[in-house]
Amino acid sequence: MVLWCINIFESERRRLIDVLISEGFLRSQSVIDAMMRVPREYFVPEEYRRYSYSDTPLPIGYGQTISAPHMVAIMTELLSPQPGQRVLEVGTGSGYQAAVIAEIVGVEGHVWTVERIPQLAEFALNNLRRAGYLDRVSIVVGDGSGGFEPAAPYDRIIVTAAAPEVPRPMLEQLKDGGRLVIPVGELWLQVLKVVVKEGSKIRHETSIPCVFVPLVGRYGFRR
Ligand code: SAH
């Protein structure tokens, strides 16, 4: 029975990834492989588990969601993490996005992920433990709207909650040549921004419109 369930999820995962490839969301082999390896069903609350491979966000409690798989694909492609890199994620939620990045950076790299809601940090900790990623992911509880100074500098920073503008401390915590991916805009409508640090210059690229839950904190929205 258990084996049968695992097989169902694996074939559903493969089917979803084929769709994400054909829709153009997934392009790089490293991102495809990572999303094929990480079991999304481990990061979805029990009552929604059967929808793990629907391309939709799902509730994880406390008014928060695990992002839709196509959004994880888009953001990971834009972030372009490489093996061995140090990555900061702000907005741990379920821990799924952190696991996808952890697959790519490998055991030589590391992911620090910051979550402001302690119960979600605990949820993510359990999910990441079961999925086997705690050797390369560290969870920090607190306001990550100003990044996470203690482990800086980072090769990559990804923010999975919407900010009113790019938080300045994150630019400071980025290495030269580093990339930051962040939804920026108003509550309930943002654009995905990619910020590249090139020496003293900061280059901004704008990608697609998106809707993320708000980044709540000192450099985010105040609520
Ligand atoms: N990346 C997650 C989804 C994130 S949902 C996943 O793969 O499941 C956005 C998360 O950002 C929520 O859990 C929310 O509590 C968190 N968040 C919002 N503001 C934050 C802040 N200032 N610091 C850290 N986390 C924050």
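This report describes the largest pocket of the structure and the ligand that sits there.

The model is a predicted one. Its largest pocket holds about 590 Å³ of space, and of the 38 residues that line this pocket, those closest to its centre are Gln64, Thr65, Thr160, Ala161 and Val213. Several elements contribute to the lining, with at least two residues coming from each of strand S2 (64-66), helix H3 (69-79), strand S3 (86-90), helix H4 (96-105) and strand S4 (110-115). Sorted by class, the lining of the largest pocket is made of 19 nonpolar, 14 polar and five charged residues.

The largest pocket is also the space that the ligand takes. Around the ligand there are 27 residues, of which Ser94, Glu115, Asp143, Gly144 and Val216 are the closest. S2, S3, H4 and S4 each give at least two residues to this shell, and S2 gives the most, with three residues. By class, the shell around the ligand has 11 nonpolar, 12 polar and four charged residues.

| Residue | Protein atom | Ligand atom | Distance |
|---|---|---|---|
| Glutamine 97 | backbone N or O | oxygen | 3.0 Å |
| Threonine 160 | side-chain N or O | nitrogen | 3.1 Å |
| Valine 216 | backbone N or O | nitrogen | 2.7 Å |

On its own the ligand has 580 Å² of accessible area, and the protein covers 99% of that area. Valine 216, whose backbone N or O atom lies 2.7 Å from a nitrogen atom of the ligand, is also one of the closest residues in the shell around the ligand.

Technical notes. Residues numbered from 1 in each chain as written. Predicted model: local features only at pLDDT ≥ 70, side-chain atom pairs only at ≥ 80, totals over all residues. Heavy atoms only, no water. 1 Å grid on protein atoms, 1.4 Å probe; cavity = no way out; pocket = protein on both sides within 12 Å on 5 of 7 lines; lining within 4 Å. Points joined across faces, edges and corners; volume = space filled by probe spheres on them. Helix = DSSP H or I, 4+ residues; strand = E, 2+ residues; numbered from the N terminus. Nonpolar A, V, L, I, M, F, W, Y, C, P; charged D, E, K, R; others polar. Near = heavy atom within 4 Å. Polar contact = N/O pair within 3.5 Å; in protein donor to acceptor, adjacent residues only side chain to side chain. Areas by Shrake-Rupley, 256 points an atom, 1.4 Å probe, with all protein chains shown as cover. Sits in = over half its atoms within 2 Å of the grid points.
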